[in-house]
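Let me put the model up, and then I'll walk you through the parts I liked.

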Amino acid sequence: MADRWTRLSLATLMAVGACGGASTTGPIVITFPISTLGAEGQVLVRQLARFMAENPGIKVVQQVTPDAADQKHQLYVQWLNAGASDPDILQLDVIWTPEFAAAGWILPLDQFRPNTSDFFPSTVAANRWQDSLYALPWFIDVGMLYWRTDLMSGPPATFDDLVREARRAKQKPGIRYGFVWQGARYEGLITTFLEYLGAYGGRILDGGRVVVSSDAGRRALTEMLDEIYRDGIVPSAVLTWHEEETRFAFQNGESVYMRNWPYPVPLMQDSSKSRVAGKFSVAPMPAGPGGSHTAAIGGAQLAINRRTEHPEAAWAVIDYLTQPEQMRERARVVGQFPTRPRLYDDPDLASGLVIPPATIRQIIEFAAPSPAKPGLLPRWPRLRRRCSVC
């Protein structure tokens, strides 16, 4: 591996030097804005140190950025809209890739010939814009269904199953809710609706056209409303709830089911703080008639600033960070899910993940990119704001 990266480093320096961009006084400097907090920051520091040891011609400088996604997005927009060549590498939310690509802010990666077949197809599709690849998937996050193993024998396959079992289990002492999900007017409501929409075979956009008002869209929305107002399994309070409100309801033993991201798993396994420790599992969200299980996709992507002075060196860093060795380490140390499906066959992966690899892989394979994808609207951020106030 070291020989491979040494050869890559030399080739990179020669290529950049031929373009007149190589430094004559020291290594090429690549800037990378990233959080340095916690285990995630620590493992990245170690990986970048190894990269620089194997590639002495490239120095990676980390720039500390806000952890809040909206603040980071605003900072990126300021930099890129100003035409700055720094930073060189960007960590993007999955819904930012088409937005930044459409704005002309990030570099197409096809010129570097990444082997996209090694990644989950949904993660590659999420990073394409107009048939070009603009970012490489670093790690993945997906929406999933949490269910109480002490109250039922298995997860529901359909929404009919979920409603029936939730109503039955809700009769037990201490159970206030059958199902809780994110319904406040923010991004979480849109991802929740996307999973219901996919369950009924619908979509929001098709070839740039808004098609959410289809029969499938109406059935999906009706299902969500019926769970609140007809079936009584979802409290009307969810219309103001975010991820944490739903987590606390489930963690406190008050709900039978919960839709959420993977992050609550280790928190709810702590028996000193959780009433459901050892009493829950996860599964794909249920399906409805005419559709399939659907998981909203999240996670982080790595892209290159279109105005960078060192695109080859920036790509070398991205390629290194998305190799199996680095993904395996991130899974073991941080618990982040790799974007390479073959890693889920690695027996060592289970030691780092809070969810069994086979289970999370099954959920990831149902992952659906958000609407702002190839050939669709780059104005998804504005569309989601409009949808969230409907």
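So, start with strands β7 (residues 144-148) and β11 (residues 255-260): they run antiparallel and 4 bridges join them. Two strands pair if DSSP finds at least two bridges between them. Within this pair, Leu 145 sits opposite Arg 259 of β11, and the bridge partner of Met 144 is Asn 260.

Quick word on where this comes from. It's a predicted model, where local features need pLDDT of at least 70 and side-chain atom pairs count only at pLDDT 80 or more, while totals for chains, interfaces and linings use all residues. Residues are numbered from 1 along each chain as its sequence is written, and side-chain values use heavy atoms, with hydrogens and water left out.

Back to β7. On its β12 side there are again 4 bridges, and that pairing is antiparallel; Tyr 146 stands opposite Val 282 there. How many of the residues of β7 are buried? 5 of its 5, where buried is under 20% relative accessible area, exposed is over 50%, and partly exposed is in between, using a 1.4 Å probe and protein chains only. Met 144, Tyr 146 and Arg 148 point one way, with Leu 145 and Trp 147 pointing the other.

Zooming out, the open sheet has 4 strands in the order β8-β11-β7-β12, with mixed pairing. β8 (177-180) and β12 (280-283) are the edges, each with a single partner strand, so one side of each has no neighbour in the sheet. From one strand to the next, the twist averages 15°.

Now the packing. The largest nonpolar core has 77 residues, and Tyr 146 and Tyr 257 are among those with the most contacts inside it. A core here is a set of buried Ala, Val, Leu, Ile, Met, Phe, Trp, Tyr and Cys residues joined through side-chain atoms within 4.5 Å. Helix α7 gives the most to this core, with 7 residues. There's also a second, separate core of 32 residues, including Ile 30 and Val 317. As for Tyr 257, skipping residues up to four places away in sequence, it touches Tyr 146, Trp 147 and Phe 179, among others; contact means heavy atoms within 4.5 Å.

What does α7 pack against? α7 (residues 187-199) packs with α8 (residues 215-229) at about 115°, axes 9 Å apart. Axes are lines fitted to C-alpha atoms, for helices over the stretch in contact, and angles run from 0 to 180 degrees between N-to-C directions. The residues of that contact divide into 8 nonpolar, 2 polar and 2 charged, counting Ala, Val, Leu, Ile, Met, Phe, Trp, Tyr, Cys and Pro as nonpolar, Asp, Glu, Lys and Arg as charged, and the others, Gly among them, as polar. Phe 193 and Tyr 196 are among the α7 residues involved, and Leu 221 and Met 224 are among those from α8.

Asp 67 lies between β2 (58-63) and α3 (69-81), and it's partly exposed, at a relative accessible area of 47%. Leaving aside neighbours within four places, Asp 67 is in contact with Ser 35 and Leu 37.

And for the whole chain: 14 helices and 15 strands, with 53% of the 390 residues counted as buried.

Definitions and conventions. Helices (H or I, at least four residues) and strands (E, at least two) are DSSP runs, numbered from the N terminus.
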